[in-house]
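Me: I have a structure to go through and I am new to it. Can we take it piece by piece?

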Amino acid sequence: MAGESDLTTLLTSMQPVLRDGDYVYALWPHGKPLEGNIEAAVREAEGLTVVLRREEAGRLGLSYDFVAAWITLQIHSALEAVGLTAAVSSALTAAGISCNVLAGFHHDHLLVPSAERGHAMEVLGLLGQGVVLRTERPADRESVLALTAAAFSTSPVTGLPVEGVPAEVTLLRELFDCDEYLPEFSIVAEIAGEIVGHVISTRGWIGELRLLGLGPVSVQPHLQRRGIGSALLRETARRADDAGEPGIALLGSTAYYPRFGFLPARTLGVMAPDAGWGDHFQLLPLKAWPDGVGGTFRYATPFERL
């Protein structure tokens with residue numbers, strides 16, 4: 001059967017499957033006959049590179065540095081197909097995941113850092129829906145503001161249309177220009193190059209403890225409830241953990257945010273800037289969350305003008 005060459009079909013039908021175990025690249029000793037369970041091999045002028053399971057490399061006494069997870073794209077892609085490797089590599093690169101690609105006769109195989117296996121599978125799942133997450137750039141600003149206006153054109157509190165410019169648009173414009181803006185925590189979701197989702201987290205404090213204040217988060221109305229907002233929240237938490245941030249605070253639905261690990265902030269000894277917010281003021285403690293935290297949370301300066 002001929003392989004698939006249409007890029008849209010390739011992306012929507014990738015069906016990535018994660019193999020068990022860890023895999024490594026090793027240089028095979030010159031002149032030694034091949035033995036053991038070799039998964040892949042590439043001959044170069046400098047020698048023969050083999051890919052095999054980590055434990056097999058140990059049994060054979062082969063040295064290695066890079067330890068990888070192996071993901072197979074189940075779609076039968078044509079060897080002359082254009083764009084699949086570029087699309088996959090771009091999406092993983094935007095997520096900060098390195099990727100080595102092995103092309104077989106029937107399938108493409110990705111070797112990503114072992115510790116990133118779960119993250120890579122999530123990125124590929126989103127890519128299969130046409131969604132790519134990346135860091136916001138200054139050139140995105142007007143598109144992001146227009147997206148936010150559309151997302152908040154109906155009040156989340158009253159359910160009625162908002163007259164004039166939604167307050168979230170004014171807030172976001174000011175957050176982009178404030179001292180507490182953190183570029184790496186302004187994240188967009190794209191479909192076919194169009195920005196369809198955005199989340200921002202800015203610097204906040206509890207006394208001297210620095211952490212993040214999340215919001216606003218926006219998704220195009222016709223694309224809501226399709227996992228884009230969830231993906232933006234998980235990406236924010238992942239980046240925050242990797243950066244050593246202790247926690248993320250937000251004001252939001254008590255029916256939605258707890259599924260991502262958010263707790264009523266008061267249960268962690270943290271008070272809302274406004275006592276009337278009650279349990280809607282929530283906090284996600286991350287790996288760096290210290291013991292004995294207490295006090296009132298303080299958002300970035302633009303929030304004080306709401």
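Me: Where is Pro-216 found?

Reply: Pro-216 is found in strand E11, which covers residues 209–219. Keep in mind that this is a predicted model.

Me: What kind of peptide bond joins Gly-215 and Pro-216?

Reply: A cis bond, with omega at about 0°.

Me: Leu-209 next. Which strand is that in?

Reply: Leu-209 is in E11. Its relative accessibility is 23%, so Leu-209 counts as partly exposed.

Me: What does Leu-209 contact, leaving aside neighbours within four places in sequence?

Reply: Leu-209 is in contact with Gly-204, Pro-246, Trp-289, Pro-290 and Val-293.

Me: Helix H7, then. How far apart are its end C-alpha atoms?

Reply: They are 21 Å apart.

Me: How many residues of H7 are buried?

Reply: Twelve of the 15, so H7 is largely enclosed by the rest of the structure. Among them are Ile-228, Gly-229, Glu-235, Arg-238 and Arg-239.

Me: What follows H7?

Reply: Gly-244 follows H7, and its phi is positive, near 80°.

Me: Which residues other than glycine have a positive phi?

Reply: Gln-15 is one, with phi near 50°. Ala-192 is another, with phi near 55°.

Me: Where are those two found?

Reply: Gln-15 is in the loop between helix H1 (7–12) and strand E1 (16–18). Ala-192 is in the loop between strand E9 (186–191) and strand E10 (194–206).

Me: Is Gln-15 buried or exposed? And Ala-192, buried or exposed?

Reply: Gln-15 is exposed, at 56% relative accessible area. Ala-192 is also exposed, at 81%.

Me: Changing topic. How many residues are in the largest nonpolar core?

Reply: It has 27, and those with the most contacts inside it are Ile-206, Val-270, Phe-281 and Phe-297. Helix H5 (141–151), helix H6 (167–177), E10 and strand E15 (281–285) each supply at least two residues of this core. H6 gives the largest share, five residues.

Me: What does Ile-206 touch, not counting residues up to four places away in sequence?

Reply: Its contacts include Leu-211, Val-270, Leu-283, Trp-289, Val-293 and Phe-297. There is also a second, separate core of 26 residues, which includes Phe-185, Ile-228, Ala-237 and Phe-262.

Me: Now His-109. Which strand does it lie in?

Reply: His-109 lies in strand E7, residues 108–113. Its relative accessibility is 14%, so His-109 counts as buried.

Me: Which side chains make polar contacts with the side chain of His-109?

Reply: Trp-70 makes one, at 3.1 Å. Thr-72 makes another, at 3.0 Å. Beyond its neighbours up to four places away in sequence, His-109 also touches residues including Arg-19, Asn-100 and Leu-102.

Me: Where does Arg-19 lie relative to Trp-70?

Reply: Arg-19 lies over the face of Trp-70, at 3.9 Å from the ring centre. In another such pair, Arg-141 lies over the face of Phe-176, at 4.2 Å.

Me: Last topic, rings. How many aromatic pairs does the structure hold?

Reply: Twelve. One of them is Tyr-25 with Phe-66, a tilted pair at 6.3 Å centre to centre, with 40° between the planes. Tyr-25 is in strand E2 and Phe-66 is in the loop between helix H2 and strand E5, 41 residues apart. Tyr-25 is partly exposed at 24%, and Phe-66 is partly exposed at 26%.

Me: Why is the pair of Phe-281 and Tyr-299 edge-to-face?

Reply: Because their planes are at 75°, and the cut-off for edge-to-face is over 60 degrees. The ring centres are 6.4 Å apart. Phe-281 is buried, at 1% relative accessibility, and Tyr-299 is buried too, at 8%.

Me: Which residues form one aromatic cluster?

Reply: Trp-277, Phe-281, Phe-297, Tyr-299 and Phe-303.

How values were computed:
Residues numbered from 1 in each chain as written. Predicted model: local features only at pLDDT ≥ 70, side-chain atom pairs only at ≥ 80, totals over all residues. Heavy atoms only, no water. Helix = DSSP H or I, 4+ residues; strand = E, 2+ residues; numbered from the N terminus. Expected span 1.5 Å × (residues − 1). Buried < 20%, exposed > 50% of the residue type's maximum accessible area, 1.4 Å probe, protein only. Core = buried A, V, L, I, M, F, W, Y, C linked by side-chain atoms within 4.5 Å. Contact = heavy atoms within 4.5 Å. Polar contact = N/O pair within 3.5 Å; in protein donor to acceptor, adjacent residues only side chain to side chain. Phe/Tyr/Trp six-rings, centres within 6.5 Å; stacked < 30°, edge-to-face > 60°. Lys NZ or Arg CZ within 6 Å of the ring centre and 35° of its normal.
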